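Please open the model in a viewer and follow the selections below in order. Each stop names what to select and then describes what is found there.

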Amino acid sequence: MNGHLPFWPVAASEHAAKVDALTFWFTLLIVALTAPVFILITVFAFRYRRGSGADRTHRPSGNVLVETSWMVIPFLLALGFFAYAAKLYLDLGQPPANSIVIDVVAKQWMWKFEHPGGQREIDDLHVPAGRDVRLSMISQDVIHSFFVPALRIKQDVLPGRYTSLWFNADRPGVYDLRCAQFCGMDHSLMIGRLVVLSPAQYASWLAEAGGSGDLTSQGKASFDRLGCSGCHAPQSQLRAPSLQGIYGRPAPLEGGRVVIVDDQYLRDSILDPSRDVAAGYQPVMPTYAGEVSQDDLAKLVAYIRSLGDEPAPANPGREPPS
Amino acid sequence: MTAAPLMSPDERVSYLAAGSTLRSWLLTTDHKRIAILYLISITGFFFVGGAAAGLIRLDLISPTHKLLTNEGYNRAFTMHGVVMVWFFLIPSIPATFGNFLIPLMIGAKDLAFPRLNLLSWYIYVIGGCVTIYVLIVGGVDTGWTFYTPLSTMFANGHVVAAAAAVFIVGFSSILTGLNFIVTVHKLRAPGMTWGRLPIFVWSHYATSLILVLATPVLAVTLALLSADRLFHLGIFDPSLGGDPLLFQHMFWFYSHPAVYIMILPAMGVVSELVSASAHKRLYGYWFVASASLAIAAVGFLVWGHHMFVSGQSRYAGVIFSFLSLVVAVPSAVKVYNWTATLYKGDITFGPPFLFAMAFIGLFTIGGLTGLMLAMLAVDVHVHDTYFVIAHFHYIMVGGAVSGFFGALHFWWPKITGRLYSLVWGRIAAILIFAGFNLTFFPQFILGYLGMPRRYHVYPPEFQVYHVLSSAGASILAVAYLLPFIYLIHSLRHGAPASPNPWGAAGLEWTTPSPPPKDNFRTTPTVTKEAYAYPVAATDEADDG
């Protein structure tokens, strides 16, 4: 047991401060709604105890106006808070466009991080203060949950599906990172640290951590090694669509649906290519399930993500030769 | 009080005296005897679940020096959850007090299907035996929520057996619910219109609707889970194309309404207790009655609020958040109406009143912190932390268990024909209230500080709150054991109870205590509204 008694957690981001304010004011509302109940129960219990001489004539047994008012007024008061809380929640689903993207792989019972420059770390995550950071997260086994109390954010990390989370930690420091979703035997040991560094410190940390080439170029290497470039290179567009400029944009599928190309779509297309086939192409791509590791996937996705900024070439495949 | 008013003394043999062999109990179809069978069995499981809770609280006194291994801790909290939810809380009030009282309250001789009622109990016992088996062979390590793919692919414990136990006991719930619904529709005495039903009956009617509609979904979910674990069908397994979130949707589609299965009967109890203690008609009868139905209906539409950070669509999250605010309205209606009932009442401070007040206080805190959890951005922070643990224990223990003890203290003279010590009853109520708050209030702070639930090892700065919580748990343990002692004691040494020791309104109080096998000598004809106070008679226990 250490000396001080914590009562309120530190807040390391603007979002955390907003959540705290929401919690504080909503708690006040709750107290305001509850106090009359607790006070009146006490007063009534004393005043109308058996044997007291209190006036008991004209006992009411119901009043529609009273009932309506205590249904509607608290509800309307809570509605304002609901709207604000929903706005903050929806914002968490809208990462700013120029965020630093860090790949997160969760497994029993550790966190693996990979920075855009290829730097890897386990259980510790270094990020620069004041920058938008987006985590692209996936699990290798069960469901985990990425939880940093100081940021007031949490997101479950699922097997087979990317989830993402973004934050902007504005206060350098070291904060706890915990798995919040029960994940088996050593769940409570699946903890780590979020290290928020000043931009200068972060730059020197990146240099020191080195990394075996940035994720994008590693992804390019895997892309060539696995033979993806044979069909997906810009110059060979007959059997497969080019991947230039597709990331983050809508892509028409066979059958008329349209998807936004994101991490999840790319992953699914690598592991289960026949599920969502790009319009105008035959489902000829073989599955790579079992051939690409989780790390390879992250690299491939990072590479294709990097192609997203390039202009999409005219793609003859989209208008299939008839 | 002398004899029952306006009636010649009832000389019929009580249901307790109508046979004393084991066979007369195990093959009974009398709803009152079946209620006693349930009372004994769920009390057994209450102690099993309580022992697991005690183990958890002892273990958490120190952040690192542990009684249990990590694996042992996981099994302890899983057994605590499974036993308490399905083998105590769900059947607690309906299967005991609902069983005992619904026919008495509506003027019937028994439930509509007496043999089905006995079958329900046997199914419960079989499910209970499977649970005991799971406990003996080493338990299960998934948490009571059985989340996939942990439960289907990775857990080492006896997942399928535990799921089977819950699957089996679900049928007991379904049959009980069915029995209650038919009974309330078909067996009301002449003059007992829907508008004259006690709120206790209304809330059990609403509960029964949930039991019948939601429990099958749980059965399907657990069957799929077991099939997935045994045969690798891949329903919930992403590596075979399944979806682990599908399990969460199905699980909470049952398990959120299940919270209302626990709390609605307790709300019914409290409505009776408040009205009887204040000796006054319940304020806003129709609002309180319809609130039960509203809770049952809207309660089916809020399951997604357990999944705000699960990866479910954020827009779905917004809708579930809004509906969670809506479902809070009828609960608030009840609390406000109970308070208003006290106004100009003639209040006696017996144990039933104190338990009712404990319920209102604890349920209100539980409900309003539930509203905080419905606030999306707040939930993202406190989801899966001790804040949630504190919140639902305020509802399920502070609320439902206080309601159970309130019912036990109010109807004990009717059920057993004996009066117990009112002084000890008051002491127990106050100790439960105090011990409960000391146990669970610190957990709200722990949760906001960021202590995740189901953590065996935890950061040392949280220890103060865990020690407080464990200290409260030891008070709570004593407080829960106390009634066990003085109530058992009253069976031999308590003064005989008159038909209506509390001076309460309601048909059950017009029968002798304990009631005869067929309840009413002749089917009563009801001419008055529910809660027709004042009741002429006052009595030995009703002295304030």
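Select A:Ser136 in this predicted model; its bridge partner in strand β8 of chain A is A:Ser164.

Next, display the whole of β5(A), residues 133-139. Is this strand mostly covered or mostly open? Six of its seven residues are buried, so that the strand counts as mostly covered, burial requiring 20 or more other C-beta atoms within 10 Å of a residue's own.

Proceed to the largest nonpolar core, which has 246 residues. Select A:Ala85, A:Val104, B:Val270, B:Met375 and B:Ile432, the residues with the most contacts inside this core. Then select residues 70-106 of chain B: this is helix α3, which contributes the largest share of the core, 22 residues. A second, separate core has 17 residues, including A:Leu215, A:Leu243, A:Ile246 and A:Leu300.

Return to B:Val270 and show its contacts beyond four places in sequence: B:Trp338, B:Ala356, B:Phe359, B:Ile360, B:Gly403 and B:Gly406.

Finally, select helix α10 of chain B, residues 314-342. Its 29 residues reach 43 Å from the first C-alpha to the last, close to the 42 Å expected at 1.5 Å a residue. Just after α10(B), select B:Lys344, which takes a positive phi of about 60°.

Definitions and conventions:
Residues are numbered from 1 along each chain as its sequence is written. Chains are lettered from A and ligands numbered from 1 in the order in which they are written. This is a predicted model: local features need pLDDT of at least 70, side-chain atom pairs count only at pLDDT 80 or more; totals for chains, interfaces and linings use all residues. A residue is buried if 20 or more other C-beta atoms lie within 10 Å of its own, exposed if 12 or fewer, and partly exposed in between; C-beta atoms are placed from the backbone. Helices (H or I, at least four residues) and strands (E, at least two) are DSSP runs, numbered from the N terminus. Two strands pair if DSSP finds at least two bridges between them. A nonpolar core is a set of buried Ala, Val, Leu, Ile, Met, Phe, Trp, Tyr and Cys residues joined through C-beta atoms within 7 Å. Two residues are in contact if their C-beta atoms, placed from the backbone, lie within 7 Å. The expected span of a helix is 1.5 Å times one less than its number of residues.
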